[in-house]
Amino acid sequence: MRSNLRGAGAAAAATALVAVVAGSWFGYQQLAGPSCSGRIELAVSAAPEIAPAVRGAADEWVANGAAVGGTCIAVNVVSAESVDVAAAVASKHGATLAGVGQASGTAVTPDVWVPDSSTWLVRLKAGGASAFAPANGASIARSPVVVALPEPVATRIGWPNKELRWSDMLDQVTASKPLRAGIVEPTQDAAGLSGLLSLTAAASSTGEAGSPKAQEAMVGALRALATNRSSLRQDLLARFPRSTDPTAIANGLGAAALSEEDVIAYNNTKPPIKLAALYLDPAPIPLDFPFAVLPGIEPSKASAARVLFEALRSPDFKDRLAAQALRAPDGNWGNGFQAPTGAPSPANGGEKQVPPSGQGGAADLDPVAISTATTTWSVATQSGRMLCVIDVSGSMKKPVATANGASREQVTVAAASQGLGLFDDSWSIGLWTFSTNLQGSQDWKELVGIRPLSSNRGELQRGLASIRPSSGNTGLYDTVLAAYKKVQQDWEPGKVNSIVLFTDGKNEDDANGISQKGLLAQIKKLRDDEQPVQVIIIGIGTEVNRAELKSITDAAGGGAFVTTDPSKIGEIFLQAIALRPPAPR
């Protein structure tokens with residue numbers, strides 16, 4: 001979450017109502033009238049860093065008598081953390097955001113949302129908010145994402161004279177005597193996510209994509225960051241050394257991905273040791289503050305929002321941004337902006353943080369990369385207890401055209417094997433297979449019991465390598481019930497207790513097994529919300545019945561994922577594991 005150094009708060013403001021030609025400041029001025037009757041209210045939620053600038057521009061508008069057609073237009077500008085609004089929007093649109101959790105009871109969705117980054121818009125769309133299509137979304141400000149280090153630490157690695165890359169930072173945080181790096185939870189903080197994307201990209205470049213070497217480097221980087229992670233930005237900032245004593249510097253936080261604005265705000269508090277801002281190559285995704293008009297608002301409000309946007313793109317607004325240590329969308333800055341040492345200046349042709357379009361926004365972002373980063377982080381840095389259950393029915397022999405002819409079984413096992421490398425030794429994992437009559441009349445077979453990875457990692461790897469398809473059918477219902485009872489039997493507090501089941505078919509054991517109605521009734525009877533068991537089912541191919549799978553996960557608590565392309569199962573597996581029971585915000 002954002003720092004409280006900048007002083008966030010809610011305030012009232014106002015705007016006008018009519019559509020104008022983009023960039024027409026003259027048209028905006030003509031909206032002001034000396035008198036009006038009635039009022040239309042536009043609710044705006046803005047990230048704390050930019051809220052004072054938005055509020056100030058709107059206040060000036062009010063002072064000039066903003067009105068149209070005899071109706072006054074009021075804008076209520078509220079300072080709100082981007083993650084809190086994202087949670088509320090996700091709840092409204094049925095989206096799932098890894099690591100965000102549920103919206104608080106007081107969270108509401110505004111008419112206009114100015115989060116700190118377009119990554120929030122991308123994550124909501126990718127997370128299942130299919131109807132989430134904000135109007136506009138263009139940037140109204142910018143703050144490059146930097147790596148902040150105490151100045152004495154930065155000097156030791158060559159700042160400000162040496163040009164540094166993310167690969168250099170990767171070497172620093174994964175060395176035998178590593179730089180103590182920290183991060184604000186990247187699933188909840190846009191600057192943290194930007195830094196995570198850049199660092200994992202550097203790790204991936206250490207070997208062929210998906211290779212054990214690349215994955216080892218990536219996991220090492222994630223766990224190094226996780227050691228000093230924080231859910232609150234001000235808590236992370238408090239870990240930087242607060243004394244010039246060498247011991248305090250050595251024991252304090254050594255590096256963290258922050259925004260340029262964060263560094264300026266921190267240094268403005270006159271700390272004993274200032275922070276240096278390192279602008280690493282390749283440039284990470286900057287905070288771009290999109291102006292998003294949320295779908296479903298009244299046409300009159302939508303028109304008002306369009307005119308408000310013009311006010312926030314005026315030359316005067318750039319100076320308001322400068323007062324908040326923010327740049328204009330093109331990377332230039334207004335009067336009074338105090339750039340950190342080493343900051344690239346657009347005037348000198350050195351602005352590396354602006355995409356070629358000069359605008360950025362959601363269109364310039366890769367939703368797959370963002371989703372992979374957030375889910376991988378959630379998996380690699382959490383702890384849990386899981387029973388992995390893999391379908392070995394005859395249909396799993398089918399070749400997958402998009403996987404060079406490998407069978408469904410092979411791509412499933414490969415995904416599970418690769419995923420195993422992300423879990424640290426605090427996890428407890430077991431392995432079952434299932435079909436029909438796999439062990440006598442029993443549809444499932446235990447290959448490895450649920451035990452800590454510290455003692456059974458090798459056994460799990462051997463168990464996965466031994467899996468072969470059978471000639472049987474899909475005994476889904478009996479297996480789910482048995483797995484549920486098993487995980488519930490030895491439920492472990494402090495961890496997510498879960499079942500992850502892979503299948504490419506629907507239940508085919510009607511004659512000898514439990515019915516769907518019987519299964520759902522049993523699960524509802526066994527379910528204990530004080531000791532929840534999360535059931536994740538991953539459907540593979542075209543023969544699965546999505547409604548059947550969802551009925552099971554709805555009854556138990558969890559989620560059903562279906563991919564018609566089995567080669568995508570690795571991505572789905574990460575998303576499934578990252579689906580933790582969310583705590584309310």
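In the predicted model described here, K398 is partly exposed, with a relative accessible area of 36%, and its side chain meets that of E543 in a salt bridge with an N to O distance of 2.9 Å. Side chains of opposite charge can pair when their charged atoms come close.

The structure holds 14 salt bridges, and two further examples illustrate the accessibility of the paired residues. In one of them, the side chains of E492 and K495 meet with an N to O distance of 3.6 Å; E492 counts as partly exposed at 28% relative accessibility, while K495, at 18%, counts as buried, because the limit for a buried residue is set at under 20%. In the other, D529 forms a salt bridge with R527, and the closest N and O atoms are 3.0 Å apart. Here D529 is exposed, at 57% relative accessibility, and R527 is partly exposed, with a relative accessible area of 36%. R527 is also one of the residues in contact with Q488, a set that comprises L526, R527, D528 and V533 once the neighbours of Q488 within four places in sequence are left aside. Q488 itself lies in helix 17, which spans residues 476-489, and counts as buried at 17% relative accessibility.

Among the sheets, attention was given to an open sheet of five strands, in which the strand order is 9-8-10-7-11 and the pairing is mixed. Strand 9 (229-230) and strand 11 (275-278) stand at the edges of this sheet, and because each has a single partner strand, one side of each is left without a neighbour in the sheet. For strand 11, the pairing with strand 7 (residues 145-150) runs in the antiparallel sense and extends over four bridges. Within this pairing, P150 is placed opposite L275 of strand 11.

A contact between helices was examined next. The axes of helix 4 (residues 119-126) and helix 14 (residues 367-381) come within 10 Å and cross at roughly 85°, so that helix 4 is roughly perpendicular to helix 14. On the side of helix 4 the contact involves T119, V122, R123 and A126, and these meet P367, I370 and T374 in helix 14. By residue class, the contact of helix 4 with helix 14 divides into four nonpolar, two polar and one charged residue.

Several backbone features remain to be described. Most residues other than glycine have a negative phi, and most peptide bonds are trans. Against this background, a cis peptide bond joins W159 and P160, with an omega of about 0°, and P160 is placed in the loop between helix 5 (151-156) and helix 6 (166-173). The peptide bond from D281 to P282 is also cis, with omega near -10°, and P282 lies in the loop that runs between strand 11 and strand 12 (290-293).

The loop between strand 11 and strand 12 also contains F289, for which phi is near 45°, a positive value in a residue other than glycine. F289 is buried, its relative accessible area being 0%. A positive phi, near 65°, is found as well for N136, again a residue other than glycine. In contrast to F289, which is in a loop, N136 is found in strand 6, which covers residues 135-139, and at 42% relative accessibility N136 counts as partly exposed.

Key:
Residues numbered from 1 in each chain as written. Predicted model: local features only at pLDDT ≥ 70, side-chain atom pairs only at ≥ 80, totals over all residues. Heavy atoms only, no water. Pairing = 2+ DSSP bridges. Helix = DSSP H or I, 4+ residues; strand = E, 2+ residues; numbered from the N terminus. Axes fitted to C-alpha atoms, helices over the stretch in contact; angles between N-to-C directions. Parallel < 35°, antiparallel > 145°, perpendicular 65-115°, else oblique. Contact = heavy atoms within 4.5 Å. Nonpolar A, V, L, I, M, F, W, Y, C, P; charged D, E, K, R; others polar. Buried < 20%, exposed > 50% of the residue type's maximum accessible area, 1.4 Å probe, protein only. Salt bridge = Lys/Arg side-chain N within 4 Å of Asp/Glu carboxyl O.
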